[in-house]
Amino acid sequence: MAVFPRRRQAIVIATVVGLALSATACGDDSGSGSGNGSSAECSAFEKYSGNDGKKVTIYASIRDTEADLLEQSWESFTDCTGIEIDYEGSGEFEAQLQVRVDGGNAPDIAFIPQPGLLATFANAGKLKAAPADTKASAEANYPADWLKYSTVNGTFYGAPLGSNVKSFVWYSPKTFQEKGYTVPKTWDELIALSNKIADSGEKPWCAGIESGDATGWPATDWLEDLMLRTQTPEVYDQWVTHQIPFNDPKVATALDKAGEILKSDKFVNAGFGPVKSISTTSFQEAGLPILDDKCYLHRQASFYANQWPQGTKVAEDGDVFAFYFPAVDPSKGEPVLAAGEFTVAFADRPEVQAVQNYLATPEYANSRAKLGNWVSGNRGADINNFSNPIDKLSVQILQDQSKVLRFDGSDLMPSAVGAGTLWRGMVDWINGKDTASVLSSVESSWK
Amino acid sequence: MDFADISPKLTVLVYGLVAFAVVVGGLLLLLDVVPTYFARRRERQLIAVAAGDVPAPPSGRLRKPREFGYAFFFLLPVVVLLLIGLVVPVVRTLVLSLKNGDGSEWVGLSNYGWLFSNGDILNVLWNSLLWVVLVPLVATTVGLLYAVMVDRARFEAVAKSLIFLPMAISFVGASIIWRFVYAYRGEGQDQIGLLNQIVVWLGGTPQQWLLESPLNTLLLIVVMVWIQAGFAMVILSAAIKAIPGDIVEAARLDGVTAWQMFWRITLPSIRPALIVVIVAITVATMKIFDIVRTMTNGNYDTNVIALEMYNQAFRYQETGQGSALAVFLFILVIPIVIFQIRNLRRQREG
């Protein structure tokens with residue numbers, strides 16, 4: 001018995017050392033991934049060759065399952081070229097990217113979802129201009145309007161990656177059929193439908209803008225969508241670049257139009273309570289009452305498809321689906337509010353540019369699309385690769401050349417406004433503050 | 001999670017432990033070796049002097065520089081760490097607070113002007129004041145009363161651990177728990193929040209507790225008090241137990257009432273502990289961030305300095321304004337620290 005404690009100690013030490021050794025061994029192993037894919041499969045990647053064994057770091061806000069799919073989508077690229085992609089997703093992406101760049105620890109590539117933030121880094125001279133191949137590929141596959149968002153002072157910094165369409169209203173096709181409601185094609189029809197549902201004694205709309213430290217953003221989408229619908233796309237561009245003041249009467253018109261729904265106790269907040277409950281309802285659960293027939297309409301982006309509980313059929317003939325948030329006057333064109341990430345680089349080593357070039361191609365878009373749960377505005381992508389009905393609808397809208405595409409305005413504004421006072425302002429607005437004073441307080445914060 | 005995922009972290013852990021052992025071991029070794037070396041040398045000199053080989057060193061003049069050397073040697077690690085960890089950041093923050101958002105231009109004191117003129121920020125300052133006044137006061141009072149009441153009671157240990165348990169919960173965890181307590185569901189629906197359920201049982205209508213200012217700030221303060229009262233209780237209870245038995249006995253013989261006992265004996269005896277508790281809670285409250293961020297994210301007029309500082313500096317990229325808030329917070333803490341140091345010094349003298 002006397003030796004026992006010592007022996008146990010020895011075992012513990014041996015285990016720890018063993019673990020440490022095997023850990024370092026694992027580390028070495030993954031570091032030397034070399035071109036080992038079959039040659040036929042790899043012929044498509046030949047133009048990226050010559051970077052075997054090099055490492056590229058990517059930093060973005062995409063996490064969990066989405067991140068796994070992302071890593072899967074470039075697997076054949078890394079296998080064939082031997083370039084190792086070290087991907088890291090963070091929930092604190094926006095704040096941490098700034099810290100990392102300031103600290104001299106910038107990632108090689110970042111997927112930035114806010115053109116405003118992209119411009120900040122570009123103006124600070126931190127970003128590298130996109131390589132010529134990326135530019136050519138992007139110009140061939142995306143509308144010029146969209147590429148403006150990653151162009152700062154005439155320099156193009158990166159191609160779009162994923163996208164999502166925000167101008168959607170979620171509804172239950174099943175319930176609509178049962179009750180004889182039809183999908184509205186104009187704003188007036190939408191209001192008429194809302195009134196019809198309200199007259200039957202139920203609230204038509206559900207909404208929620210609580211989102212942790214980003215509380216308020218879903219309401220900014222309403223404002224942007226209605227800016228596009230009540231004003232021209234040109235006015236929208238002036239608004240997001242502060243060429244017209246934030247408290248311009250045109251903005252007030254748009255916000256009041258949103259208020260026709262969001263601030264009407266007759267219309268909201270189905271399944272949750274009065275208007276004010278919008279600000280404490282999380283955006284994730286805001287649309288769920290649709291499943292219990294407690295709510296009929298919920299305006300939210302295409303990515304809301306991921307929020308439905310497992311087993312919910314998201315399709316035109318299923319439990320839930322979305323229709324295009326109608327234009328006030330469809331004859332003047334149908335505006336689409338969208339968002340998405342841009343692939344920008346903080347380094348210009350050949351392997352980094354190879355990755356950047358690859359991610360800009362329709363081939364990559366197809367590779368990612370096949371894995372599901374993704375939307376791309378890349379016009380070279382094959383629509384048949386998008387299996388999910390809502391993704392398909394989004395891609396159709398994005399590829400439709402007749403639609404007027406605009407980026408989420410709050411992501412274009414300086415973060416102090418677009419991710420600060422505007423969010424806070426929308427929360428105050430929902431809580432009863434009047435349109436004029438909300439808009440003036442946002443205006444006063446925009447320097 | 002499989003092993004491949006954690007192995008890099010494990011490696012880091014092992015490296016970290018090794019580095020820690022090397023640094024601490026090295027320091028201990030140095031602390032042991034260096035003074036011994038000097039002591040030996042001095043000893044040898046003394047022996048040499050005693051043997052009459054060399055003339056005695058003129059002690060008065062030489063000792064001073066050597067003592068400086070000693071002091072310097074022992075202070076060096078502390079000074080270096082303080083420089084890197086405290087002095088440099090403070091100076092840098094001060095400099096940044098005089099610059100604009102991205103640190104490219106000098107703007108003088110305009111960030112401080114903004115601090116005291118912007119309506120939203122003034123609201124932030126008022127909220128912080130409310131926190132700093134109420135939390136130490138309420139938490140300490142609750143902790144003290146509880147400590148006095150359960151002192152030498154039958155189930156003292158159990159009663160004390162009940163109140164001390166929240167201390168073990170992180171601020172974010174506590175905030176999530178309390179957010180459920182305050183949760184709201186529309187009238188006629190099943191309430192998921194404890195508070196609203198109680199209101200409904202009593203025949204009232206459910207309220208959106210976290211929306212109404214200034215009630216919401218008070219409700220957030222409750223969370224902080226819930227966490228900190230345990231800390232106050234444990235320290236004060238220990239202090240009460242340390243009151244010398246003869247004083248208590250003497251007071252009893254003089255026939256004090258419980259009231260007199262508390263004000264004349266207990267309170268004066270535990271004064272130093274009381275001050276430590278109040279100071280510690282005050283400093284913790286000034287830095288309060290997690291509870292507000294988790295529960296309301298500073299919306300509905302509940303914002304406080306530390307959260308706004310973070311938002312300005314890291315989310316809005318307004319480093320200048322963020323730094324100004326940080327400096328302001330720093331200045332607020334200074335008097336408390338001075339008070340604490342004076343207090344400690346007085347104690348040592350007395």
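Student: How many residues of chain A are in contact with chain B?
Tutor: This is a predicted model, in which local features need pLDDT of at least 70 and side-chain atom pairs pLDDT 80 or more, while totals for chains, interfaces and linings use all residues. Residues are numbered from 1 along each chain as its sequence is written, and chains are lettered from A and ligands numbered from 1 in the order in which they are written. Two residues are in contact if their C-beta atoms, placed from the backbone, lie within 7 Å. On chain B the contact takes in 24 residues, and on chain A 27.

Student: Which helices of chain A each supply at least two residues to the side that touches chain B?
Tutor: Helices are DSSP runs (H or I, at least four residues), numbered from the N terminus, and strands are runs of E, at least two. The helices asked for are α1 (4-31), α5 (93-102) and α18 (415-430) of chain A.

Student: At what angle do the axes of α11(A) and α18(A) cross?
Tutor: Axes are lines fitted to C-alpha atoms, for helices over the stretch in contact, and angles run from 0 to 180 degrees between N-to-C directions. Helix α11 of chain A spans residues 217-230, and its axis comes within 8 Å of that of α18(A), crossing at roughly 85 degrees.

Student: Why is α11(A) called roughly perpendicular to α18(A)?
Tutor: Angles under 35 degrees count as roughly parallel, over 145 as roughly antiparallel, 65 to 115 as roughly perpendicular and the rest as oblique. The crossing is at roughly 85 degrees, so α11(A) is roughly perpendicular to α18(A).
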